[in-house]
Amino acid sequence: MQDISSIWQQVLEKLELRVSSVSYMLWIKTIKPIEIDESDNFIVAASSVSAKNQILRNFIDKIGECCFEVVNKPLKIVVLDPNEEIEYLKNNKVEETKTEAKPEKNPFVEKFTFDNFVVGKSNQFVYAAARTVAEHPGKRYNPLFIYGGVGLGKTHLLHAIGNYIREHSPELKLQYVPFENFTNDYISSLYSPTKTKSIMEFRGKYRNLDVLMVDDIQLISNKKETQEEFFHTFNELILANKQVILCSDRPPKEISTLEDRLRSRFASGLIHDIQKPDIETRIAILHKKSQLEKYYAEDEVINYIAEHVDTSVRELEGKLSEVYFLATLSGKKVATMAEVEDVFSNNMEEMKNELTPDKIITVVCDYFNTSYQDITGKKKNKEIVEPRMIAIYLISEILDLPLVSIGKLFGGRDHTTIMHSRDKIGEELKVNKKTQTLVNEIKNMLKSV
Ligand code: ADP
Ligand code: MG
């Protein structure tokens, strides 16, 4: 099995996409993986007793689900608080993680191949360009610039190019780098005590290549010094007919503060976008994933998910795995519409009878780690205002209380203020994915109070 820190790293990457950023920062990122024991218990440590409780209450299923996706077998997640952790370490001999470098390790995700990429109208052009570049690096489209929304397969294609070249032309020197890492690499060489040497090493690493792939290049916009360095790296490679491939969530003309000289260079090769898949492609992708990941599901399930999730491929996959995971929990081998109903419904009616405004406020406070007093008080800082608006929204939506009474709960605020908060969150929910996740998480917490 892979070592525990690399497993946990992959689990974190998945979790980051499935919980709100607040929860991720507060409760998930602070978890420390300890070990996976012989009985398939995944032992992890929370940073405090209350963190442990939060995790058990809200995230344990999601963590289990993501672990399952990474190791392909069900693990029981055991969460320890700090005291239990000390006790556990005392009683069990936890093997040190081996940190020896494995230089030959494939830097590309093995599953991200051309074969595993489903081609449809939305991505066929980009797919063909990526294949051409992989077959003839430096000869055709240079640079190749791919852009498109999140979760549509850009990173997958970069890795597919990498895997392909690695297999067919192993003598070529490749480098895949998220722009963020390029920046960090550069900055740390600038601040290194042996600055000149480090910069030389940095340049050696990035300029001495046959193929350079840079992911999320849009992040270049707010990094002036790095832009300059990247400009030179880029020019040197292109002049030497070395292949450069760039991915971005938007076209060069929309990357603000990108210097014009770079903008025109980026657009000097082939630039093309990848779009959201249509329904036929979504169905094909789900069938492919179901077969690759062994997420067995009835056709009806696949069709339902394909029809109802049209945002990104990542979401499609996420829903399929959620549904399948739920099925395995009840001992089924194939996911059915019963699990679909569970995953897609978020029924507020049932909750209504047991909830009071106080309970909602308390849960919201719990979620954001703020106090009841602050949230119902006068403070105007952002950390308080957002939870307050969300509490107001939820009370109004779930309990349907008159605005004036809600105003009273919140320190005698005027009903127009209450209405404003309610509508603001209502609007956010239509357009902002983060707010959606956040509100859903709180609703889930409300179900279990
Ligand atoms: P991006 O980099 O555009 O945000 P990713 O490349 O990370 O998106 O893709 C997100 C997930 O969707 C990955 O698991 C990837 O394998 C999958 N995916 C995206 N497009 C396709 C496709 N056409 N066929 C198969 N899987 C895809
Ligand atoms: Mg990506």
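**Strand S4**

I started at Phe 145, which sits opposite Leu 246 in S7; strands here are DSSP E runs of at least two residues, helices are H or I runs of at least four, and both are numbered from the N terminus. On the S8 side, I found Phe 145 facing Ile 271. This is a predicted model, so I kept to the rules that local features need pLDDT of at least 70 and side-chain atom pairs 80 or more, while totals for chains, interfaces and linings use all residues. For bookkeeping, residues count from 1 along each chain as its sequence is written, chains are lettered from A and ligands numbered from 1 in written order, and side-chain values use heavy atoms, with hydrogens and water left out.

Next I looked up the pairing (two strands pair if DSSP finds at least two bridges between them). Strand S4 (144-147) and strand S7 (243-248) run parallel and are joined by 4 bridges. Leu 144 has Ile 245 as its bridge partner in S7. S4 also pairs with S8, again parallel, over 4 bridges.

**The whole sheet**

I traced an open sheet of 5 strands, ordered S5-S6-S7-S4-S8, with parallel pairing. Strand S5 (174-178) and strand S8 (270-273) are the edges; each has a single partner strand, so one side of each has no neighbour in the sheet. The twist averages 10° from one strand to the next, with axes fitted as lines to C-alpha atoms and angles running from 0 to 180 degrees between N-to-C directions.

**Domains**

I noted four of them, with bounds from an automatic or database assignment: domain 1 (4-92), domain 2 (124-274), domain 3 (279-353) and domain 4 (355-447). The centres of domain 3 and domain 4, over C-alpha atoms, are 30 Å apart.

**Ligand 1**

Where does ligand 1 lie? Domain 2 and domain 3 both give residues to its shell, so ligand 1 lies between them. There are 18 residues around ligand 1, and Gly 151, Lys 154, Thr 155, His 156 and Arg 314 come nearest (near means a heavy atom within 4 Å). Helix H6 (154-168), helix H11 (279-293) and helix H13 (313-329) each supply at least two shell residues.

I then checked polar contacts, which to a ligand are N or O pairs within 3.5 Å. A backbone N or O atom of Val 118 is 2.8 Å from a ligand nitrogen. Lys 289 puts a polar side-chain atom 3.1 Å from a nitrogen of ligand 1, and Glu 317 puts one 2.9 Å from an oxygen. Taken alone, ligand 1 exposes 560 Å², and the protein buries 93% of that (Shrake-Rupley, 1.4 Å probe).

Notes. A polar contact is a pair of N or O atoms within 3.5 Å; within protein, one must be able to donate a hydrogen and the other to accept it, and residues adjacent in sequence count only if both atoms are side-chain atoms.
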